[in-house]
Amino acid sequence: MTKDPGRSGADARNDAAAAARAAERDRDLSLLLAVLLTLIGIALLGIYWLALNEAEGPRLADLALGLVPRTGVDNPVTAVLLNYRAYDTLMELAVLLAALLGIWSLGPAPAGFQRSGRALAAMVSWVVPLLILAAGYMLWVGGYAPGGAFQAGALLGAAGVIVRLAGDPSAGLPGEHAQRALSVLGVLVFALVGLALLWLGDGFLTYPPSLAKWLILLIESAATLAIGVALAAAYVGGRPATAPASTLASGKAGARTEPTGEGN
Amino acid sequence: MTPESAFDSAALDNLLAAPLVLAIMLPLLGSALTTALPRLAPLLGTLIAVGTAGAAIWTTVAVWTRGPIHLVLGGWDPSLAIALRADGMAAALVLMANLVGLAISVYALGYFRAPDRAQSFWPLWLLLWAALNGLFLAGDLFNLYVMLELLGLAAAALGALTGSRDAITANLRYLLVGLVASLTYLFGVALLYTAYGTLDIGLLSSAIAADEPSPLDAAALTLMVAGLAMKSALFPLHFWLPPAHASAPAPVSAALSALVVKAAFYLILRLWLDLFEPILDLSASMLLGLLGAGAVLWGSWQALRAERLKLLAAYSTVAQIGYLFLFFPLLAATPPGPSRDNLLAALLLMALTHGFAKAGFFMAAGLVQTNAGHDRIDDLGGTAQRLPATTFAIALAGSALIGLPPSGSFIGKWLLMQGAIETGQWWWVVVGTLGTLLSAAYIFRVLSRAFGLEPTPIKFVTDARAEVPALMLSLVSVAVLGLASGPLWTLLGLNASGGGA
C-alpha cells in the first residue's frame, strides 16, 4: 500500500474530497447503527426482565451429571465439551484456526519490541517455564476438576505473549513450517479421531467407554498445543518469517527482508 | 478418506452418517492439510473439493432414496448431544452449494496464480465450505451459532484477500456486523434454552407447539430472525453487502453472494417453518414480505445506477434475496396442500437458480476485470469479441437473474405471482413486475455495452480453466433448473402436482 511518488496535486485533492465523502458516509452509518443498537438494547432489557420472571423451565443439568461416569472424565464441564458436544468443540477449534489464517493472510508480522533489560529478562526466564508447567497441570487436571485444553492453551499463549514483549520477535514460536503444523494439530487430531471411530463402526465422535479417557486426553493435548500456538501467533500479528531452511530451498523467499537468526 | 472407503463399516447407521459427516469433515481436514503444507495447497485443495462435492452428491442421493436422515452424534440422549439432519430442503441446498463450490475451486486455480495468494486462499475457502455444509446439515441451535461464527470469520478474511484499503475497510465492517448479528442470534437461542431446556431443533419444535404461545417465544423469534436478517442482508440491513462483495476477489465474491448470504436466509426459513410456525400470525410474515419488497426495488434501482460490474452484481444480490422474502406472507396465507407445496418448491427453486446464476455472473465479471484491467460498465465495449464465452456466460446468468424463460427463476416467479393472486395479496405482483423490469434494464445495460462494432471472434473459449466453470454454472441456472425442475418436488417429498415445467 505504498503511495505512488509521481502523483499530481489534482489526484491528491480528489482523494481528499473522496475521503471527506467517505467520512460523511461513515458518520451517517454510525448514527444509523447507534439508533439501531439503542433500540435493540431497550428491547433486550425488557426481554431479560421477562425471562427472569418466567417460571423456571426444565434443564439438562441432571441428565448430564447422571451420565458423567460413562464419559471417561469426572469433570462435568469437560464431559460436555469433549464428549456430549465434542462436535461443537471441534468446530470452535476451527473458528480459532480461521482467525489465525485471517491474520496471516493480511501480511507479514510487524517488527517486535526492543530487547528487555536484565531484570525483565531474568523475570521472564522465571515466569515462562512456570507458565508452561502450569499449562501441563491445567491439561491434566481438566479430567476431574476445572481446567482443560482451552485453559491450558491460554496459559501457553500467555507465555508466548510475554516472550514477545521481552523482545523475541517470533514470541518463542518455532519456524514457519512447524508453526503451521502445530496450529492445525487440534483440528487434525480431533477430526481424525472422529472419522476413525466412524470407520471402526462406533459412529462419528462416539468414543467407546473403555477408550474414552485416553482419546479425550489425546485430543486435549493436541488442542492445547494448537490453541497455545494460535494465541501466541495471533499476538505476533502476521505471517511468520520463513525459516532459514526454506529460504535456501525457495528462491522467492530470499526477496523478503525479515532478519533471520533472531532466535539466539 | 474417499467417500467410498467408509462403505466398509457394517452398521447401517454409520453408512447413513458417513456422507453427512464427510461433507463437513473433508473440507475441514483439507483446510488443516493446506495450512500445514502450503506449497501443495492448490493440488490438495482441488482433490478435497472433488471429494467434498462427491460427499454432497452422496448425501443428496441418500435423502432421495431413503428420505430424511437424522442422526445423533456421540450415542447420547438426543437432548444432550448434537444432531445432524438432512431432509429434502437441506439436500437441495447442499447439492447446489457444493456444485458451485467445485466450480469456484476450479476457477480459483486459474485466478490465484501467485503462490502466496493461493496459500492464503485455500485453507480459508475450505473452512468456509465446511461451515456452509455444517450449517445446512445442522440440527442444533447452538451448533448453528458455532457454524455462523466460522462462516462469518472465514468469509470476512477471504473478502479482504486483495489487501486493498477498500477491501479491508469493507470486510472489517462485514466482520463486525456479522459478530453483532450472531450475538443477537445467540441471545435468542439462550432465551429458548431458558424456556424449554433443549437446543435440538426437533425437540424444541414439539415443545413450542405443545406450549401456549408466550412473549418469550416471540422475543426469541425476533432476536434470531433479526440477527439472521442482518447476515442475509435483508433491506434495510444490507448496507454492508455491496462494498464487501464488490471489493473481494472474484471467486470469493461468487461464494459470498451465491452461498454465504443464502445460508443465513436458509436458517431464517428453517426457524420460521420448523420452530415458530405455531406462534406466527400473518402480520409477522407481512413485515418480512414488506422488507423483501423494499429490497427488490431498492437493490434493483441501485444495480441499475451502479458504474461497476461487480457493484451491479452485489446490488442485484440484495434484490434477489428480497424476492425470497416475498414468499413468507404467501406461505403464511396459504393453507397446507398442493399450492403451499408449490410455493415452497418455487422459493427453493429461486434460491438455487440465484446461487448458480450469481456465482457464474461474478466469476465472469472477474474475468472481464482481469482481461480489461477494470470493470467500468461504460467502457466494456468489445468484450463480446475478446471474451465470447464469458460474455455468453454473463448473458445466460443475466437472463436467469431477470427470470426469463426457461430459467429456474422464471418458474419460481410464475408460482410466486400465482400464489399472490390466489391469496389476494395482489401488491406483491406489482413489486415482482417492477423488480423484473428493473433487472432486465440493468442486465441489458451491461450487454448493450459489451457488444461493440469489432470483428467477429475466431475462438469461442479463450481460457478454458477460467471460462468453463462460469459458463457451466450459468447454463445450469438457465437450462437444467428451468427445464428439469421436476425432481426438486420429489426431493422435497411434496406432491409433484404443479411442477410448472
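Which residues in helix α7 of chain A are buried? The model behind the answer is predicted.

## Helix α7 of chain A

Helix α7 of chain A spans residues 176–183. Its buried residues are Glu176(A), Gln179(A), Arg180(A) and Ser183(A). Seen down the axis of α7(A), the buried residues fall within an arc of 100°, so they line one face of the helix.

## Domains of chain A

Chain A has two parts: domain 1 covers 11–57 and domain 2 covers 61–242. Taken over C-alpha atoms, the centres of domain 1 and domain 2 of chain A are 35 Å apart.

## Contact between chains A and B

Chain B gives 55 residues to the contact, and chain A gives 48 residues. On the side of chain B that touches chain A, the elements giving two or more residues are α1 (12–36), α4 (115–137), α5 (141–159), α6 (165–196) and α8 (215–231). The largest share of this side comes from α1(B), with 11 residues.

By residue type, the side of chain B that touches chain A holds 39 nonpolar, 12 polar and 4 charged residues.

## Around Pro405(B)

Pro405(B) sits in a loop of chain B, between α15 (388–402) and α16 (408–422). Pro405(B) counts as partly exposed because it has 13 C-beta neighbours inside 10 Å; a buried residue needs 20 or more, and an exposed one has 12 or fewer.

Leaving aside residues up to four places away in sequence, Pro405(B) touches Phe410(B) and Gly482(B). Leu483(B) is 78 residues from Pro405(B) in sequence, yet the two are 9.3 Å apart in space, C-alpha to C-alpha.

Key:
Residues are numbered from 1 along each chain as its sequence is written. Chains are lettered from A and ligands numbered from 1 in the order in which they are written. This is a predicted model: local features need pLDDT of at least 70, side-chain atom pairs count only at pLDDT 80 or more; totals for chains, interfaces and linings use all residues. Helices (H or I, at least four residues) and strands (E, at least two) are DSSP runs, numbered from the N terminus. Two residues are in contact if their C-beta atoms, placed from the backbone, lie within 7 Å. The arc is that of the directions from the helix axis to the C-beta atoms. Domain bounds come from an automatic or database domain assignment. Ala, Val, Leu, Ile, Met, Phe, Trp, Tyr, Cys and Pro count as nonpolar, Asp, Glu, Lys and Arg as charged, and the others, Gly among them, as polar.
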